[in-house]
Amino acid sequence: MVLNEMNGDGPEQEDNLFCEPDVIARGNILESFTEKKEAQELINNLRLVHDGLTLQETAIQKFTVIMNKYQEQPHLLDPHLEWMLTSLLDIIRDEASPPSLVHLSFKFLYIISKVRGYKTFLRLFPHEVVDVHPVLDMLVRQNPKDYETWETRYMLLLWLSVTCLIPFDLTRLDGNLSSLEGCTRVPIMDRILTAAKSYLVVSDKARDAAAVLISKFITRPDVKQKRMADFLDWTLSTLSKSSFQTIEGTIIMDGMLQALAQLFKHGKREDCLPYASTVLECLDNCKLSESNQTLLRKLGVKLVQRLGLTFLKPKVAKWRYQRGFRSLAANLQFSVEDSVAQKTTTATEQDDEEEEYDISGEVENVVEQLLIGLKDKDTVVRWSAAKGIGRLTGRLPKELADDVVGSVLDCFSFQETDNAWHGGCLALAELGRRGLLLPSRLSDVVPVILKGLTYDEKRGACSVGSNVRDAACYVCWAFARAYDPLELRPFVNQISSALVIAAVFDRDINCRRAASAAFQENVGRQGTFPHGIDVLTAADYFAVGKIANCFLNISVYIAGFPEYTEAMIDHVVNMKINHWDGVIRELSAKALHNLTPQASEYMICNVLPKLLPLAVGTDLHTRHGAILACAEITHALSKLAEEKRSSVTSFMNEKILEGLKQIHVELCRRQLYRGLGGELMRPAVCSLIEKLSVSKMPFREDPIIDGWLWLINDSLRSLHLVSSNARQQIKESAVSALAALCNEYYCLKEGETHPVQQDELVKQYISDLQSPNEMIRCGFSLALGALPRFLLKGKLQEILEGLKKVTCVSSKDVSFAESRRDGLKAIAKICMTAGVKGEGSPTEFVCKSNVAQIYDILLDGLNDYTTDNRGDVGAWVREAAMTSLMEMTLLLTQHEPALINSNVSKQIMCCLAQQSAEKIDRFRAHAGSVFLTLLYFDNPPVPHIPHRDELERIFPRSEAVTFNWNAPSQAFPRITQLLGLPAYRYHVLTGLTVSVGGLTESTVRCSSQSLFDYLKGIQSNVNALSSFCEMLLQVFEDNLLNDRVSVPLLKMLDQILANGCFDIFVAEENHPIPMKLLALCKEESRRSKDIQKLRSSIAVFCGLIQFPGEMRKQILFQLFLLLCHPFPIIRKTTASQIYEMLITYSDIADPEIIEEVMTILSDTNWDADLPSLRKQRNYICDLMKVPKPQLVAKST
């Protein structure tokens, strides 16, 4: 059971695209302390590592990692605590141990105590009489201001708190207090007290240990007589002088409050009672409830409850409720009647035995402060107050305890905040758990708990209340353990329904799981929940982790049990369709759709009449949810009618039908489609139109149809006016509504429509395709794609021409990538709707006359590499083109494979192979998926795929589904094998070029490695390597000055040359391939101002120097030309690269000349002015016998 501390319910995180959360229980899986050897070695090596700071930190880190593994199972350390403690204390007690080693040992002790808990660990510390002086002396020697050794002081204070428990008067340890010099030594009692008081005001964790020491020391019989009063005076005066407005004051108050709380917790009542009133009065004067410090308020509540317990006698209330059996096994073994008979005493007997005694007036003050604490803004304070209420109530007489319960119930007012509700739930759970909430009060408590289970208060754009619902589940869990089944029987149906609703329909995963746990506890402990085991099996901890599964599946199963059906439906209608979160409203509507078959009569008679007024109400969220719910319920009823072979009107009366029609009319009249509210209303009403159309509502020839069509068209024309978040949903819902509306209300008879309406609709949509606004183009492209076949009849060619214009890139709409994407999607949908007929008319079918045009449009989409400030937006177009090509090709393959000629098939597969080799993982994966789908389609196979057998060998059919194209390490080794297939070589090399010369490290590494592996494999095959080089030159030539390809290609060439892939050409002087490469590089870098391109060109020029012949002079000329480039960065890069080149290829000139040139290159400041640099450059030219570049006057 998790008590959620979040007060603002943020978006639920567990639904990542509605994927099942990977909930694997990792806690409590260890069986023993398996790292004993490592821990022993670390402790034994402390003497070796304490000198070096790095070694110290390493040792501490390793030990912390080992210990932290046992944070949830610390008991596994128990058998090993003694030897660890002994080893560390031996180091500490050794007088030869330097301070750094002692401090390091204490750090290790602290790490152990942090994991195991100091209370358990402290019992093992030595606490003989002989330990008192050494520990105290060691503590006194510490510097409280040394922030690096606080662990030492913390552990020494805790150790002292154990040693001071020796059962001897401390005066016996003082000996002769007067020394030889005549000075009086301080008694050990005062030394300990002084040390403890000094550490109560420090800012580190030693303060907590000092409070523990105080509680153990002051409560000693000899100390409390002599020092308790003085210590309390000092504490209270310090507390009253301090202020929580300052940091120093907060630290001091924290120490004082901790000390007092520990003192009143561990001290005997008779010792503390004389001072309790004074302490309470001082605490009241501090006004801690006004402090912003959570810890101070928590300590204040903690101290108040300890004072309250001091005022009351420590006795167990005889009137408390006692359940005969607490164990689950006993509960299941005995029947309800048996368990009732097992009660030891009856309520009447308890009343008779109640002992009367006076209750001091301070108790009322304490209870009042605790009730205020229940409403605190922080959970830890509320939780502490709830425990205090439980402890105090257990010592009060029955009548006063009932008053406390009544005061707690006052927290559950809708005038109170969610903090009060949460605190009240925690208090009720504590009271119930302790048997202090009598069964007679259950009739008052259960209704407020049921309200708590659905508590959700809107705050701005979100809501608060998840912590209240979580705590209410905790109350139900506690009640299951506290009460006999007979006592809870009157409330079983209410509680079970409420818990089921919370487990299935709560927005927050922790609340759903808390409700499931509470339901499970009730099923096991009470045994009276209806269909408990069945419900629990469906809605267990893991099943309720996924919200979509809860709303759409689990709810349907549970609603099959009549005890829960109406309660679940009512909750969704009353609480969820008006929820602030749109996702919950949509899921609620779908849930009502799924629940309709379980209670169709209830939906018709109760739910729809309630929803229809809400659908035209004033609250935006309620209106949105109600419209969606009406749509889904109507659709579900139509399915039921279809199953019974009757009309949907047989389920609905005229009033409901009219109400459904009036939704759009009323919203339109009140202009509710405008503004931000319209962003919710438009998709909701479009969804309503779609569902009513699919449900075949009898609205044919009704004026409402024109109204609906107007809304759809207006929504598509207004896409640019809505926010980008709502745009996609409005577009999709409008297009879906249009398809359903046309199918139902525009079809006169089978396959026919009204010609005038058809002409008007198609002409209007085609004209909107040329809108200057991109979003309008998107909307009407998809609208045309959604039209049914009878509206396309005779208009197919006209529509395709209109969409072709949308998909073409022109200068004025180059950035309209989204409209091109939607245009391509629309073409594929239209082709699938129209169907294929080889010899048919191009105005009606995909046929011989228009198939080439369609393929041209789709293949052109694969060449869209548009970029803008959003990045590679052309990728959206390419993705849509690939999907559309696949759909079109499979359509033709199944119906008219003769229409796919070999050239088209080759183009498709080659272009897909190119996309499969490119750099963006997502689009590479999509291309690969489409490529393999076409390759392995069997019904019948796609015709004319080039090199089909080789492809099936490279991509085995068994891996077609599981192959991970997203992973560069998997994709590129396969795709580079296509370089060996002539038909694919050009396109694959083009795609690989972009990847090898890209920026993403993983893509560059995997693609370049795969390419080099391929080139290494063909080194011995001159023909294959020459063929590859010719294709490379062709790619370079075709993409000259196309920076998208040419810049990565230069980077790739640099890598190829550096890796010696072209060493085979070195033997021949002036080989044509390097010569052609040089010419293309010169052309690419000429007059370029792109620094990235120029730097890559320099690297390629330097790489080409390895080829002998006259071309070396040309290369050196180009490099020396760049030595005086206008950009200093290019001059410096060129000089650096030439220097490295001369070291690598020292055979290009005499050694003396090369050495002199290298000296000039390294000694010259290439940032200097150009005239002086030209002299140096020209001198180098003379040395290397290269023509000097001549200045050319700029033409004016």
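Which residues lie nearest the centre of the second largest pocket? Tyr118, Lys119, Asp208, Val212 and Gln262 do, among the 23 residues that line the second largest pocket. The model is predicted: local features need pLDDT of at least 70, side-chain atom pairs count only at pLDDT 80 or more, and totals for chains, interfaces and linings use all residues. Residues are numbered from 1 along each chain as its sequence is written, and side-chain values use heavy atoms, with hydrogens and water left out.

The second largest pocket holds about 600 Å³ of space. A pocket is found on a 1 Å grid over the protein atoms alone, as an open set of points with protein on both sides within 12 Å along at least five of seven lines; a cavity is a set of points where a 1.4 Å probe fits but cannot get out, and lining residues have an atom within 4 Å of a point. Grid points are joined across faces, edges and corners, and a volume is the space filled by probe spheres set on the points. At least two lining residues of this pocket come from each of the helices H6 (118–122), H8 (150–163), H10 (206–218), H12 (247–266) and H14 (294–311). Helices (H or I, at least four residues) are DSSP runs, as are strands (E, at least two), numbered from the N terminus. H12 gives the largest share of the lining of the second largest pocket, 6 residues. By class, this lining has 10 nonpolar, 3 polar and 10 charged residues. Here Ala, Val, Leu, Ile, Met, Phe, Trp, Tyr, Cys and Pro count as nonpolar, Asp, Glu, Lys and Arg as charged, and the others, Gly among them, as polar.

The cavities come next. There are 2 cavities of 30 Å³ or more. The largest cavity has a volume of about 40 Å³, and its lining is made up of Leu499, Val500, Ala503, Ser516, Phe519, Val535, Leu536 and Ala539. Helices H25 (492–505), H26 (509–525) and H27 (532–538) each supply at least two of the lining residues of the largest cavity, with H25 giving the most, 3 residues. The lining of the largest cavity divides into 7 nonpolar, 1 polar and no charged residues.

The second largest cavity has about 30 Å³ of space. Around the second largest cavity are Leu932, Phe955, Pro956, Glu959, Ala960, Phe963 and Arg974, of which 5 are nonpolar, none polar and 2 charged. UniProt, in an unreviewed entry, places the feature "domain: Tubulin-folding cofactor D C-terminal" at residues 906–1093. Over residues 906–1093 the chain is 65% helix and 0% strand, with the end C-alpha atoms 33 Å apart.

Two backbone details remain. Most residues other than glycine have a negative phi, and most peptide bonds are trans. Asparagine 939 and proline 940 are joined by a cis peptide bond, with omega about -10°. Proline 940 sits in the loop between helix H45 (921–935) and helix H46 (948–954). Lysine 696, a residue other than glycine, has a positive phi near 55°, and lysine 696 lies in the loop between helix H34 (675–694) and helix H35 (703–717).

Note on methods
UniProt positions are given in the numbering used here, feature names are shortened, and annotations may be inferred rather than shown by experiment.
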